[in-house]
Amino acid sequence: MNETERIIREHDQFVLQTYTRNPVAAVRGEGSWIWDAEGRKYLDFFPGWGVSGLGHCHPRVTAAVREQAGKLLHMPNNFYNELAGRLARIIIEKSFPGRVFFGNSGAEANEGAIKLARRFGEPEGRYEILTMKASFHGRTLTTVTATGQEKYHSGFGPLPPGFRYLPFNDIDALKAAVSEKTVAVMLELIQGEGGVHPAGDGYAAAVREICDGNNLLMIVDEVQTGMGRTGDYFAFQGYGVVPDLMTLAKALGGGMPIGALVVREKFAGYLPPGTHASTFGGSPVVCAAALAVFEAMEEEGIIENVREMGGYLRQRLEELAADFPPIREIRGRGLMLGLELDREGKPVVDRCLELGMIVNCTASNVLRVMPACNITREEIDRAVEILRRALGEEEI
Ligand SMILES: *Cc1c(COP(=O)(O)O)cnc(C)c1O
């Protein structure tokens, strides 16, 4: 039995079997590359579902974590924490005037947004949140209910009330759905999990206008799209709208678990002392990591790289699509791209893994290509070469 088989055997015996896993046990990562327990190397074109937005073990992030780990790991949130204050300030400076609540995950950030919306609507008996079909907002009972995908709800009833699902990019459906019970609209501007579907021209602005006209909160889930992924710090900036609440997680911590709810100043009073909390939220080590992420983004020109490499990757994928008719469409922005196939994507993903590359398939037929935001031209060339081989061998 080799090391990988040993790791898999122990895992499969003692860890709850909630995931379908690839037979790879990663032991080390550096930039866009990981190494498994057998010493095999993989190009990671889907680093941690977007968590490792600066690649694995970015030196600034790793150094910040090491340094802070030797000073103070955790203090509860009924004390002040310099790093959390500094991080909140940077998030606000890069987004919109307001305040930040720190938690540990995307679901927790969204849960906070939903709780704030409920308190906002409570005096008038408004509580209903309109969300989109094919959205994804997390796996806690309430965020999974916000998620407009039946398959994630199955077997978990009764689900918390107060959510309604609308077709994404349908302005008339949104107008028609607003009632005296509605308090918020919650959406991703580019649906990730649902198949890399971007908001169309004018849709984000229309949502903003409908929210303004009906006193609704516009909640934008930037858990996947945030932190440079789309070629702006946050996707809303590319759509020319400002949300009332924004949620972040994934790439924010550069590999450390952090989530953030960002609230426009005028709504910041809806969660007064005692109404919401998170024991681990914003702890010094994760804040140090996130501060290092912002520092790297500024000093290493990450957003510029996303714009440039996003354009290059798209062009290379379009060349690929010209040779492989089963690629129906290429969608997305920046380094968040989806290749829709006319067939299941899993065989392609499996073949890529055998060829030494990690990529994802979502919505069963959409290859999700989301490399680190500091990816290089050479790495993109390598990835396209592997994809070409995998697609060819699958006789697509
Ligand atoms: C991943 C994701 C979440 C959930 O984040 P967790 O950290 O897994 O709880 C929520 N919303 C979007 C858009 C996501 O991509």
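In which kind of crossing, left-handed or right-handed, does helix 2 pass helix 10? In this predicted model, the crossing of helix 2 with helix 10 is right-handed. Helix 2 spans residues 59–69, and helix 10 spans residues 284–299. Their axes lie 8 Å apart. The packing angle is about 150°. Helix 2 is therefore roughly antiparallel to helix 10, because angles over 145 degrees count as such.

Both helices contribute a set of residues to the contact. From helix 2 come Arg60, Val61, Ala64, Val65, Gln68 and Ala69. These meet Pro284, Val285, Ala288, Ala289, Ala292, Val293, Glu295, Ala296 and Glu299 in helix 10. By class, eleven residues of this contact are nonpolar, one is polar and three are charged.

The strands were examined next. Strand 7 covers residues 182–187 and is mostly covered. Six of its six residues are buried. Strand 7 pairs with strand 5, which runs over residues 128–132. The pairing is parallel and has three bridges. Strand 7 also pairs with strand 10, residues 217–221. This pairing, too, is in the parallel sense, over four bridges.

In strand 7, Ala184 stands opposite Ile129. Ala184 also stands opposite Leu217 in strand 10. In a regular strand, side chains alternate between the two faces of the sheet.

Definitions and conventions. Residues numbered from 1 in each chain as written. Predicted model: local features only at pLDDT ≥ 70, side-chain atom pairs only at ≥ 80, totals over all residues. Heavy atoms only, no water. Axes fitted to C-alpha atoms, helices over the stretch in contact; angles between N-to-C directions. Helix = DSSP H or I, 4+ residues; strand = E, 2+ residues; numbered from the N terminus. Parallel < 35°, antiparallel > 145°, perpendicular 65-115°, else oblique. Left-handed = near helix turned anticlockwise from the far one by under 90°. Contact = heavy atoms within 4.5 Å. Nonpolar A, V, L, I, M, F, W, Y, C, P; charged D, E, K, R; others polar. Buried < 20%, exposed > 50% of the residue type's maximum accessible area, 1.4 Å probe, protein only. Pairing = 2+ DSSP bridges.
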